[in-house]
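Open the structure in your viewer and keep the sequence panel beside it. The tour below names what to select at each stop and then says what is there.

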Amino acid sequence: MRIILTTALVSALALPGCGGGSGGSAYNPLNWFGKSRNATVAPEAKNALIPQKSGLRRERAAPEGVAVAQILALAIEPAAGGAILRVTGLAPTLGAYDVRLVPEFDLEIDGPLQTLQYSLKTEYSTRSRPAAPQRSRELTAAVFLSDEDLEGVREIRVSGAENARSIRR
């Protein structure tokens with residue numbers, strides 16, 4: 001009984017020191033960092049914690065890419081708020097990466113168009129690229145087109161190095 005009473009008495013005396021009404025106690029973990037302050041940051045100021053240049057990686061320009069050899073399939077699938085354009089292409093060898101659909105138009109400059117023209121492009125590894133069966137050289141890329149982008153569009157055309165495929169409404 002004495003242990004319980006002693007523990008309760010010590011707790012009753014120690015707890016007000018952790019905060020209570022004053023809130024300025026150094027034992028209160030909520031006060032360890034103080035109050036936040038508002039500070040203005042210049043727009044050109046850079047975060048010192050984020051490195052601007054990596055010593056491990058070489059800087060390279062934005063890759064333009066190489067057109068894939070053939071366009072095998074082209075499909076447009078409805079989605080909420082627009083559609084998804086899915087394209088399957090065939091690379092001449094293995095080692096392709098960073099496959100993307102590159103638009104050959106700018107809706108902000110050209111305005112509404114009746115034909116949207118894309119190119120299926122990729123980057124290739126610099127390592128040796130062995131011959132491989134067609135199934136292992138197939139590449140797929142997709143892009144979302146909003147309803148605003150598709151307004152007035154009658155045809156979507158995707159081109160590769162050897163052929164092009166199009167889909168019409």
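A residue is called buried if its relative accessible area is under 20%, exposed if over 50%, and partly exposed in between, using a 1.4 Å probe and protein chains only. The model is predicted, so local features need pLDDT of at least 70 and side-chain atom pairs count only at pLDDT 80 or more, while totals for chains, interfaces and linings use all residues. Residues are numbered from 1 along each chain as its sequence is written, and side-chain values use heavy atoms, with hydrogens and water left out.

**Stop 1: the whole chain**

Show the protein chain as a cartoon. Helices (H or I, at least four residues) and strands (E, at least two) are DSSP runs, numbered from the N terminus. The protein chain has four helices and eight strands. Along the sequence they follow the pattern α-β-β-β-β-α-β-α-β-α-β-β.

Now switch to a surface. Of the 169 residues in the protein chain, 24% are buried. The accessible surface, computed by the Shrake-Rupley method with a 1.4 Å probe, is about 13,000 Å², and 55% of it belongs to carbon and sulfur atoms.

**Stop 2: A69**

Select A69, in the loop between β1 (66-67) and β2. Is A69 buried or exposed? A69 has a relative accessible area of 12%, so A69 counts as buried.

Contact means heavy atoms within 4.5 Å. Not counting residues up to four places away in sequence, A69 touches L90, P92, G160, A161, E162 and N163. Take L90 from that list: A69 and L90 are 21 residues apart in sequence, yet 5.8 Å apart in space, C-alpha to C-alpha. For the protein chain, residues 24 or more positions apart account for 64% of the contacts with a separation of 6 or more.

**Stop 3: the sheet of β2, β3 and β6**

Select residues 70-79, 82-90 and 138-146, which are strands β2, β3 and β6. Two strands pair if DSSP finds at least two bridges between them. The three strands make an open sheet in the order β2-β3-β6, with antiparallel pairing. β2 and β6 stand at the edges with a single partner strand each, so one side of each has no neighbour in the sheet. From one strand to the next the twist averages 15 degrees, where axes are lines fitted to C-alpha atoms (for helices over the stretch in contact) and angles run from 0 to 180 degrees between N-to-C directions.

Zoom in on β3. Seven of its nine residues are buried. β3 is joined to β2 over nine bridges, and nine bridges also join β3 to β6. Find G89: the residue opposite it in β6 is L139, and G89 is the bridge partner of I71.

Where β2 and β3 form a hairpin, two residues lie between them. G81, in this turn, has a positive phi of about 85 degrees.

**Stop 4: salt bridges**

How many salt bridges does a search of the whole structure find? It finds five, each being a side-chain nitrogen of Lys or Arg within 4 Å of a carboxyl oxygen of Asp or Glu.

R86 is partly exposed at 34% relative accessibility, and E77 is partly exposed at 30%. E77 also stands opposite I84 in β3.

Next, select E155 and R168, whose side chains meet in a salt bridge at 3.8 Å, N to O. E155 lies in strand β7 (residues 155-159) and R168 in strand β8 (residues 164-168), so the pair ties together parts that are 13 residues apart in sequence. E155 is buried at 12% relative accessibility, whereas R168 is exposed at 63%. Then select D98, R100 and E123: salt bridges that share partners join them into one network.

**Stop 5**

Select S119 in strand β5. S119 is buried, at 5% relative accessibility. Its contacts, leaving aside neighbours within four places in sequence, are R100, L101, V102, E104 and S159.

Finish with F105 and Y118. Rings of Phe, Tyr and Trp (its six-membered ring) pair if their centres lie within 6.5 Å; planes under 30 degrees apart count as stacked, over 60 as edge-to-face and the rest as tilted. By this rule there is one aromatic pair. F105 and Y118 form an edge-to-face pair, 5.3 Å centre to centre with 85 degrees between the planes. F105 lies in the loop between β4 (96-103) and α2 (107-110) and Y118 in strand β5 (residues 115-124), so the pair ties together parts 13 residues apart in sequence. Both F105 and Y118 are buried.
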